[in-house]
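Trainee: I am new to this structure and would like to go through it step by step. Could we begin with the charged side chains?

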Amino acid sequence: MAEPETCPHLDSIGEVTKEDLLEKSKGSCQSCGAGGPNLWACLQSDCQYVGCGESFSDHSTLHAQAEKHNLTVNLTTFRIWCYVCEREVFLEHRPALLPVHTAPHTCKASEQEVPPQPLSHPLKGVPIAVAEDEGSESEEDEVKPRGLTGMKNIGNSCYMNAALQALSNCPPLTQFFLDCSGLVRTDKKPALCKSYQKLISELWHKKRPSYVVPTSLSHGIKLVNPMFRGYAQQDTQEFLRCLMDQLHEELKEPLTECSMSGEGSDEPDNEVTMSQTQSTPCSPVRTLQELHPKLSSSPPRSSPLRSAGPAYAFKKAQLLLSARKKKQSHFRSVISDIFDGSILSLVQCLTCDRVSTTVETFQDLSLPIPGKEDLAKLHSSIHQNLPVKTGVSPDTYGSQGWVTFFMDSIRRFVVSCIPTWFWGPIVTLEDCLAAFFAADELKGDNMYSCERCKKLRNGVKFCKVLRLPEILCIHLKRFRHEVMYSFKISSHVSFPLEGLDMRPFLAKESPSQVTTYDLLSVICHHGTAGSGHYIAYCQNVINGQWYEFDDQYVTEVHETVVQNAEAYVLFYRKSSEESVRERQKVVALASMREPSLLQFYISREWLNKFNTFTEPGPISNHTFLCQHGGIPPNKYNYVDDLVVIVPQNVWEYLYNSFGGGPAVNHLYMCAICQVEIEALAKRRKTEIDTFIKLNKEFQAEEAPTVILCISMQWFREWEGFVKGKDNEPPGPIDNSKIGVMKGGHIQLKQGADYGQISEETWQYLLGIYGGGPEIAVRQTVAPADPDSLHGERKIEAETRAL
């Protein structure tokens, strides 16, 4: 429906000057005395009321409702809100009233006519549903360009502000924190996920303040990583990794056997063939909850493997990545669901032709920026570096994609031969990707240790993407840090705003069906390696317009400004028109309101994926079910936050389209889990009480005959289990790291991290957990009996007499 060009309530405004508003901004709320910032002044003719906003008691709203005064102005941002129209209004037609320059964030999309088919801009026109306290939203609310809120710089914090704005404009992540707030639960300090949730709520609030101050999140990240303490400028990519690692750590949940069956093997394999990741063809992308909010009786809310995530230099970091991934391989979170992909790395021995494979998880791709010589070499050897003997030919990876890429490379190569003083080398994002995925010769000092040959051999190593993430994060390696100095590569890298095709870099084993990406946001760095300033360009998901986020200032820009930006970190989102149509079908089914005898419960977290992912995967109701099919007792009290009720026709369509499940139309607490929890609590209490008792007895001994050692690493794991911090008990006692073999006997290693316990305590823990080896720190000989000692001396004296 079309909105009028101007708010019909503007006539109620009295005479207002900039000086009047500035004077009022120095005051306080007339009802509660709260000071600024963000006080609101009533604009009703002859009304001088000034009230506080939502951060206090929201007396400005109460005044407007009681007095029927429709218009109010924010005294910090000078932006005007109409309570009747429930939208921001603009005064271009009354220029004498307010200064125009105070609205760099102004977006006039809310004053334009809303098209009858909002999907003319398939992915970017999908509004984000924001959970509000006051009832359901109107059509006007749905198309408001929210998220255009700046962040105050709190001391060289532009690196953090740019990163947060880029993440804020990633719809799958933002909608999770807006719609699935009931799932943001953690007992881990500093509870950064809750600080982030609060920040996202402020950034996407419908009243859209001019800027917010991210104090809580800044404090939390400094607790997690001391590197960010103080007020020095930091690297935005390091901040992103730290933030997302911590969010994953706080929100992670164990993978059930059902969900783990969809993951590929991560161990090296001696054959090229691998066990494949199971995936159901899928196609969704429009919001079921936002378009049909009555599907749920409660307000809408909404869930593989992590990597070390650095520069993805396989040559140097495989062991570290592999070890870290094994540790986290049984957990998932909304972070890993959105950002994690996997790479298939293959190494071929050029003597025996054996090919070994390894699967690694990545959270972002750190790409080199090739120079002119590198570009020429790269463009002339796209096909030459691929192994031939293994049967892995260029055709395997999508012949059409390679042909197109090759022809485009020739064009770029010809242009790149023009002297740099005339034009300069043209570097594209595809060039950087090709350089990253180019085959690597293993020879000389870098020869390959072949398991079949049992020798160092010449080899070829290359990698392909096995599974594409929903959101692809790309980091361009602009900074190089040497021992004595650092420098920045300022070469312009051109990147597409739409249609980034990852098919040329995809492994034939990949289950990913959607391979094209559209740009969501780009973080830029202006300056040198030693100093500079970060900003972000982000596309608003509601109106499709691009905005520059420069700390607290948000300004609309043309897409050509974005294309000419000096990109440092880019966020791309999978794009598929089919997924939009799929979501429309579900919304249409829900609108039919067919009478049915059954209603089904579906995971709120999976429904958020359906609303925002291009490939949400099978329905995963195990996010609120235990392995026995009931509700785990620890989740039963907040099960309403975990599920959404859908009618039978909607459930059947989703189940037939995506599979998964299981079907649930009755919720009950699992009695089996309750018994297990009680038994576990009893076991924990018994173990800790027994240990305390035995340890007290040990401490009371003045001269214990035997003192045994126990690894503190194992002991800390056991302590975390019995105190309820970890759900899983530790494995067998492992003293191998604190012992060393000497003279055929195990002795305590010098400088080992160990604790001293009594023999009784050792036997108690050993009886439960097993393991070893037993290592004594002290084992004294028992003193001889006095009577026997006297007898020995008597015999000795008699012998001497003889």
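**Salt bridges, rings and strands**

Mentor: Asp689 and Lys685 form a salt bridge, with their closest N and O atoms 2.8 Å apart. The term stands for a side-chain nitrogen of Lys or Arg within 4 Å of a carboxyl oxygen of Asp or Glu. This is a predicted model, in which local features need pLDDT of at least 70, side-chain atom pairs count only at pLDDT 80 or more, and totals for chains, interfaces and linings use all residues. Residues are numbered from 1 along each chain as its sequence is written, and side-chain values use heavy atoms, with hydrogens and water left out.

Trainee: Where do Asp689 and Lys685 lie?

Mentor: Both are in helix H21 (residues 671-700), four residues apart, about one turn of the helix. Helices here are DSSP runs of H or I with at least four residues, strands are runs of E with at least two, and both are numbered from the N terminus.

Trainee: Is Lys685 buried or exposed?

Mentor: Lys685 counts as exposed at 54% relative accessibility, whereas Asp689 is partly exposed at 37%. Buried means under 20% relative accessible area, exposed over 50%, and partly exposed in between (1.4 Å probe, protein chains only).

Trainee: How many salt bridges are there by this rule?

Mentor: The count comes to 22. Among them is the one between Arg581 and Glu577, at 3.8 Å from N to O; these two residues lie in helix H17 (residues 577-592), four residues apart. Another joins Lys723 to Glu719, with 3.0 Å between the closest N and O atoms. Lys723 is partly exposed at 49%, and Glu719 is partly exposed at 28%.

Trainee: Changing topic, how many aromatic pairs does the structure hold?

Mentor: It holds 19. Rings of Phe, Tyr and Trp (its six-membered ring) pair if their centres lie within 6.5 Å; planes under 30 degrees apart count as stacked, over 60 as edge-to-face and the rest as tilted. Phe177 and Tyr196 make an edge-to-face pair, 4.9 Å centre to centre with 75° between the planes. This pair links distant parts of the chain, as Phe177 is in helix H5 (residues 171-179) and Tyr196 is in helix H6 (residues 192-203), 19 residues apart.

Trainee: Finally, in what order do the strands of the open sheet stand?

Mentor: The order is E2-E1-E3-E4-E5, with antiparallel pairing. Strands E2 (50-51) and E5 (87-89) are at the edges, each with a single partner strand, so one side of each is left without a neighbour in the sheet. Two strands pair if DSSP finds at least two bridges between them.
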